[in-house]
Amino acid sequence: MQAPSRVQTPILPPRFAAWFASRGWSARPHQLDLLATVQAGRSALLVAPTGAGKTLAGFLPSLVALSERTTKERRLHTLYVSPLKALAVDIARNLEAPIEGMGLPVTVETRTGDTPAHKRARQIQRPPDILLTTPEQLSLLLAHREAEEFFAGLRTIVLDELHALVTSKRGDLLSLALARLRRLAPDSQAIGLSATVREPDELRKYLVSQNPGRVAGEGKGQGKGKGQGKTSAGTAMADLVVVKGGAKPDLHMLDVNRTLPLSGHTAWHAMPAIYELIRQHRMVLVFVNTRLQAEYTFQELWRLNDDTLPIALHHGSLDATQRRRVEAAMAAGQLRAIVCTATLDLGIDWGDVDLVVNVGAPKGASRIMQRIGRANHRMDEPSKAYLVPGNRFEMLECRAALDAVEEAAQDTPDARLGAPDVLAQHVLGMACADAFDPLDLYEEVISASPYATLSWEDFEAVVDYVATGGYALRAYERFAKILRGADGKWRVRDARVAQQYRMNIGTIVESTHIKVRMARALRGKPGTVLPRGGRVLGEIEEDFAETLTTGDTFLFAGEVLRFEGLAEDECLVTRAGPGTDPAIPSYAGSKFPLSTFLAARVRAIIADPFEWDRLPAQLSNYLALQRKHSALPGERDLLVETYPRAGRFYLTAFPFEGRLAHQTLGMLLTRRLERARLRPLGFAANDYGIAIWCTKDLSERAALSPGFMEALFDEDMLGDDLEAWLDESAMMKRTFRQCAVIAGLIERRFPGQKKTGRQVTISTDLIYDVLRRHQPDHLLLRAARQDAATGLLDVTRLGMMLRRIRGRITHRALDRVSPLSVSVMLEIGRERVYGEGADEILAEAEAELLQEALG
Amino acid sequence: MALGQKLEKTVKGTDHPLAGEALSLDRTGALWLPEHRTLVVSDLHLEKGSSFAARSGQFLPPYDTRETLACLHEVIQRLDPACVVALGDSFHDARGPERMEPGDRAMLSALQEGRDWVWIAGNHDAAVSEGVGGRYCETLTIGGLTLRHEPLAGAGEGEIAGHLHPCGKVSMRGRSVRRRCFVGDGHRLVMPAFGAYTGGLNVRDSAFEPLFPNGFTAYLLGDGRVFAIGRTMLGRD
């Protein structure tokens, strides 16, 4: 990693030095480095572990500049963008100390979705010196008619938690906003604050213009040392400031002294040990991977909680006020533990957390490091953490994660290719701000690193989409949302279109949620409930609610609830009787797929028996058993096993590429087996492998036709088979829906908004079907494909796997299930079974009617 | 009748006698009256996409009309009806016919060629009769059957109606399938919507209760055929 060149000695004014001294501190080297970089007029990326004083470092250049300001004119000087609203609010509070301590004449305000309208209007007229906001609010500001004036004096843009932002469509949106800011405020510099990442250069590029042809600012501000660092390829990059050191985390795998099951993620066996850890520490964050795992863990811990320790629950489905209450109690030091999901991966510093426990598989090295960093937010003291495997495979994953943390190896995802749907949203926003010249806007857009490779034709297609929907059939010309004037510039049609833009801003498309409301059972009338009056416990996904039938019990908000029915878009529940076990597991698996990086490490450990010494004995014994009974795959190989069991014929394969890629693989393999007349019935997948069952003997077929396995796993399945499947894939339809919402094709449904009548709602599935048949190359279908490649279908990863295993398939025809295969077999019945066609389900329901008719 | 025979019968085509008339429920959602060589389709909602564009600035793919007509073309090819009845809400709004693309208009004319074509009045398109060929009426009587758009509570035997866009949902082992369907009780039949962009109303909705006081069977449109599903197997949304 390249050392930051100290371009010049930073000028830290005496009152800053004095303030640091008064607190018994001195400015840290990276804080001074960053100050020097910004003072030299350059953008910078600050990479630092948690607890290194990153935030203060990010604001120091602005505070110094503002303290030396001579003009009386008040304009927006610094813009701070954070992924979390709560973080912006917290930073505002933290900035009070230095500002008041030094008596600086600096105003700080936040602007979030909660900011009242009168304050928003006032902020436009009289901006603060420092404004703290979110990417969505920034886009809204940029689409404002006053944007040019508002941002003209901007000098510094601070982007917090940049590593987390850039991996999603929010990062695309923010990159476009940044490109616009560079044009409105050519003298501004960007400061990115990031945790340690695999490729810091990607973030460095993100911060500065990638369009050398037209340096942002069009000639202004040249010769002021604006030329940023360049790589040999001539790519513009922000300077890099890295904080070295930080104590190594004190990290272990929790040993509970018993044999772990072969599947399952709940880690029920470890609950007493986790409870004991909570008793021994001041404050513990217990991270889990899914909401339901959180519910389960919370309930189990309370079952053990004889000391009635204050243990709380925090996940994204809980009511917002309840979550805020938990956060406040945590900040006030009133809690001993919080069971939480990724909702607390990022966020405000809790200070007093002295232990992090991660239940279930780590899934990724960077994710686990981020979580560990939540403990002990002081960089010179080690963070203490335990990894708790839920099954024997997760032990492998924990071992791989421990090694990765030891080497400080990262597996943050690759840089994104900008999404066309996000660009469409942005283009409409820019038309709302002012008339735009398409060439100018194109030059601006390709200065953003995710869009640097966007062609002019693709840009035109986006503009065409925004104007009239981008259809080959030019049916909507007279309804165009943006119109091209005689001057060649595009203008928004009317105020209604601008209003639609504002309502649709943002890239986060929640799956539709419905409220969970406590209802009261009517005494004396079993089965009847009073629909109203009970309190709202939170929200659940509509998909999940759809699978429930009256009487089903499930875990939510820390209780076992009984589903009573749906009423006016609410899910009515009652408390299940004491001692009731939740019957509906919902998705017991992990939400995050295993990262490619950890997967490779897991394969390496399995392939090398010398490595097994470092594994718990129960695991190495298990692997030895597998080697004896069948085989263990080499590091780059694919192990395929076929065997009969209970009248069916099974195929299991172990690619170790994560659940999403395996589901896609399973769908495609079932199609091929169908064609080979082997009559597949269904399949199950987990993070490590898949199991498919058929009515015909697969071992026999493989023996009869040499090359059968190779052909089955041939990369060409990503051709026609994939196309055919995409036609009907529910995941693809869900992906399409998200693109359609972001691009403004269909309107967002807001929480609490009632379903409209059947005549006006149009399901996106119908739109998808029609569009695919009539214009398969439409912008939104291309956008959905781009997402599918890396998102829910993980086609890219599947392709990489199929290339990796070409000629490296180890097939074992066994007479019974192998130890390794047992782990996937156990997923059957636990996870949803895929591959069942709609007609099979309908036929089964029809048979019920016939039975009824025949008595 | 043995279970096997019964299944066999269902597979061939779902016969559903109503008021003494033979009816066949087509998997596309069309209804075939073989003795009258008449094909009935309900709630085409043509030009729904352009209706959204005109009214709310939402640019849905403008291919719904041709998609619906193509589907209709397929059934007409297969069954060669002497008469086609569109059971109301044939256009999404009264100005739909004006907005039709020339190509789609030609496709419609070709379908009408050589056969009787009846537009029954709907609530969306009560005023439609000009420039789309065919004849227009409020209700139509064919044998013992009365065809009208909106089902009438307390109507006599043999009513065939649309309007409600019935849909049925079957959930099994954590998966659910929601499909358009016919709903019938031997006295009355409510047809599914045929249009490409038409949504559905769950048959468990209270709107169906007064129409079928003694229960009903839903005939869900599967991928390969129509499935008869009893009320107890049908879930709410």
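User: How many salt bridges are there between chain B and chain A?

Analyst: The count is 2. This is a predicted model, where local features need pLDDT of at least 70 and side-chain atom pairs count only at pLDDT 80 or more, while totals for chains, interfaces and linings use all residues. Residues are numbered from 1 along each chain as written, chains are lettered from A and ligands numbered from 1 in the order written, and side-chain values use heavy atoms, without hydrogens and water.

User: What makes Arg773(A) and Glu67(B) a salt bridge?

Analyst: The term asks for a side-chain nitrogen of Lys or Arg within 4 Å of a carboxyl oxygen of Asp or Glu. Here the closest N and O atoms are 2.5 Å apart, so the pair qualifies.

User: Which residues of chain B are said to be in contact with chain A, and how many?

Analyst: Contact means heavy atoms within 4.5 Å. By that rule, 62 residues of chain B touch 50 residues of chain A.

User: What is the area buried between chain B and chain A?

Analyst: About 5,000 Å², with carbon and sulfur atoms giving 61%. Buried area is the accessible area (1.4 Å probe) that two parts lose on being put together, summed over both.

User: Why is Cys398(A) called buried?

Analyst: Buried means under 20% relative accessible area (exposed is over 50%, partly exposed in between; 1.4 Å probe, protein chains only). Cys398(A) has 0% relative accessibility, so the word applies.
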